[in-house]
Amino acid sequence: MATEFQVTYDCADPGRQATFWAEALNYILQPPPEPFESWSAALEAWGIPPELHNERSAIIDPHGHGPRIFFQKVPEGKDAKNRVHLDLRVAPGLEGETRMDALEDRAQYLEKRGARRLYRVDPDGIDAGHITMADPEGNEFCLD
């Protein structure tokens, strides 16, 4: 049996990062526990001061297949290239210009939501082609 895991991001703004990555991955924000109608209601009931409400956030696969992704606020900023990154498989099975067009469509969608394009690698016989991007806080990821 495989070990269940979650991916954890250190960040400055967990709410913004969770919203971006929910859009990028077709995930949803993790709902609050029962009986709470909202995270604000839960945090208030637990005595968490309002200035700490954006200390963490999480997103989940609405179909229950992908890992939970957790965002936690840290005081330091990002200062080096990621050692691990996500590859978003947005064009599986596609090749050539059809593949690159699909990657470009997704890149433009994500740029409108705060991502920025870093560079594009066109198909060359060895590489099928991909686009490397950065999320709103500069964490690299690839559209593959």
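Analyst: The model is a predicted one. The patch is made by W39, W46, I48 and L52, and its area is about 370 Å². One of these residues, W39, belongs to helix α2, which covers residues 39–45. The relative accessible area of W39 is 36%. W39 therefore counts as partly exposed, because that class lies between the buried limit of under 20% and the exposed limit of over 50%.

The loop between β2 (28–29) and α2 holds P35. The peptide bond from E34 to P35 is cis, and its omega is near 5°. Another loop, between α1 (14–25) and β2, contains N26. N26 is not a glycine, yet its phi is positive, near 60°. With a relative accessible area of 55%, N26 is exposed.

R106 is placed in helix α3, and its relative accessible area of 16% makes it buried. Between R106 and L143 there are 37 positions of sequence separation, while their C-alpha atoms are 7.8 Å apart.

Helix α3, which spans residues 96–111, also contains R99. R99 is buried as well, at 4% relative accessibility. A polar atom of the R99 side chain lies 2.9 Å from the backbone oxygen of G129. When neighbours within four places in sequence are left aside, the contacts of R99 are A91, L94, A128, G129 and D144.

The strands may be taken next. Strand β4 (residues 68–73) runs parallel to strand β1 (residues 6–11), and six bridges join the two. Within this pairing, I69 of β4 stands opposite V7. Strand β4 also pairs with strand β3 (residues 56–60), here in the antiparallel sense and over four bridges. The bridge partner of S57 in β4 is F71. Strand β4 is accordingly paired with β1 and with β3. As a general point, side chains in a regular strand alternate between the two faces of the sheet.

Finally, the whole chain gives the setting for these parts. The chain has three helices and eight strands, and along the sequence they follow the pattern β-α-β-α-β-β-β-α-β-β-β. Along the principal axes, the C-alpha atoms fill a box of roughly 55 × 35 × 30 Å. Of the 144 residues in the chain, 33% are buried, R99 and R106 being included among the buried ones. Among contacts between residues at least 6 apart in sequence, 59% join residues at least 24 apart. The chain exposes about 9,200 Å², and carbon and sulfur atoms supply 52% of that area.

Conventions: Residues numbered from 1 in each chain as written. Predicted model: local features only at pLDDT ≥ 70, side-chain atom pairs only at ≥ 80, totals over all residues. Heavy atoms only, no water. Patch = residues over 30% accessible without salt bridge, like charges linked within 9 Å, V, L, I, M, F, W, Y side chains within 5 Å. Areas by Shrake-Rupley, 256 points an atom, 1.4 Å probe, with all protein chains shown as cover. Salt bridge = Lys/Arg side-chain N within 4 Å of Asp/Glu carboxyl O. Buried < 20%, exposed > 50% of the residue type's maximum accessible area, 1.4 Å probe, protein only. Pairing = 2+ DSSP bridges. Polar contact = N/O pair within 3.5 Å; in protein donor to acceptor, adjacent residues only side chain to side chain. Contact = heavy atoms within 4.5 Å.
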